Amino acid sequence: MPEHPNTTPAPTSEAVGDFYDHMAAFFNTLYGENIHFGLWEDPDLSMPQAQARLTDRLIDTLRLKDGDHLLDVGCGTGHPAMRLAERTRARVLGVSISPTQVDRATQKARDAGLSGRLDFIRADAMDLPCEPETFDAAWAIEMLFHVPDRLQVLREIRRVLKPGGRLVLADFVQTGPLTDTDWGLLTQGFAFSSLLTADTYADALAQAGFEDIRIHDVTAETRQNIRWIESRYADDREHLAAHYGPDFTAQMDQLLPTGITIYTEKLGYVIAEARRPVGR
Ligand code: SAH
């Protein structure tokens, strides 16, 4: 499906879980509680503000009703789910392959008095431990680029959605040809598995059995986050070196700028929406 296939072996689901367990402090330092890029409609936003805007855009797209049950595929530390619980009267099951994230999300929901409406479990989205037709809606925020078989994950989501259930995705896409070196860095440094283009995204959703597909290219609204990440890394480099050891930052000094160049020149960002057909 990708136009320029990943030539580096894709990480297993377990390896992605280990990546997030290990990188928890790194992401918390650079991103805060959300592990997503945010929407920078205004360049002066802070990262938490821009992330709240992206989460809110996705919440608005879902149009949930009171009591609806949402599946959060790749829930991170549960921050998008908590915002959704604050802004709607929906319930959420969050699924992550990282045990550290599940523990943190569970603790945060408990501290916020939201335990009754938010549940988090460790599971592999390739094989969801859920009955068919359980959920009214699902979202996956910056998750699908990690999975070795995204069609399998999309089919799993379709299976557990009720007929007519809505799906919203936020994901990276490929906009230019990636070299083997680019793929090696994205895969080994950031646990990338596969990428689609904005044009092939709708085909993948259709192939997995979705309809009413809409793809919104919001690349221009995500770029500002690079400046935030660069300045956060510069400010907190010593703290990260103390936490992970100097080898980590020495490696990251190379990895981060190269990753940012690849992102700026060859990747974009889409929000996709789709629906499980009624009656099929
Ligand atoms: N959606 C969250 C986290 C994004 S980071 C947020 O916006 O804050 C990517 C998430 O996908 C992590 O939680 C990671 O554990 C999860 N993930 C990656 N591969 C997975 C898989 N195979 N099964 C379940 N979760 C997975």
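Reader: What makes strand 1 count as mostly covered?

Author: Five of its five residues are buried. Buried means under 20% relative accessible area, with exposed over 50% and partly exposed in between (1.4 Å probe, protein chains only). This is a predicted model, where local features need pLDDT of at least 70, side-chain atom pairs count only at pLDDT 80 or more, and totals for chains, interfaces and linings use all residues. Residues are numbered from 1 along each chain as its sequence is written, and side-chain values use heavy atoms, leaving out hydrogens and water.

Reader: Which residues cover each face of strand 1?

Author: On one side, H69, L71 and V73 are buried. On the other, L70 and D72 are buried. In a regular strand, side chains alternate between the two faces of the sheet.

Reader: Why is G17 called buried?

Author: Its relative accessibility is 1%. The cut-off is under 20%, so G17 counts as buried. G17 lies in helix 1 (residues 13-22). Helices (H or I, at least four residues) and strands (E, at least two) are DSSP runs, numbered from the N terminus.

Reader: What does G17 touch, leaving aside its neighbours within four places in sequence?

Author: G17 is in contact with I97 and S98. Contact means heavy atoms within 4.5 Å.

Reader: How do you know that strand 1 and strand 2 pair?

Author: Pairing needs at least two bridges found by DSSP. Five bridges join strand 1 to strand 2, so the two strands pair. They run parallel. L71 stands opposite L93 in strand 2.

Reader: What joins strand 1 to strand 4?

Author: Three bridges do, and these strands run parallel. D72 has W139 in strand 4 as its bridge partner.

Reader: Which strands are called edge strands, and why?

Author: The open sheet has seven strands in the order 3-2-1-4-5-7-6, with mixed pairing. Strand 3 (118-122) and strand 6 (211-217) are the edges: each pairs on one side only. From one strand to the next, the twist averages 15°. Strand 3 pairs with strand 2 (residues 91-96) in the parallel sense, over five bridges.

Reader: At what angle does helix 8 run to strand 6?

Author: About 155°. Axes are lines fitted to C-alpha atoms, for helices over the stretch in contact, and angles run from 0 to 180 degrees between N-to-C directions. Helix 8 (residues 198-207) lies across strand 5, strand 6 and strand 7.
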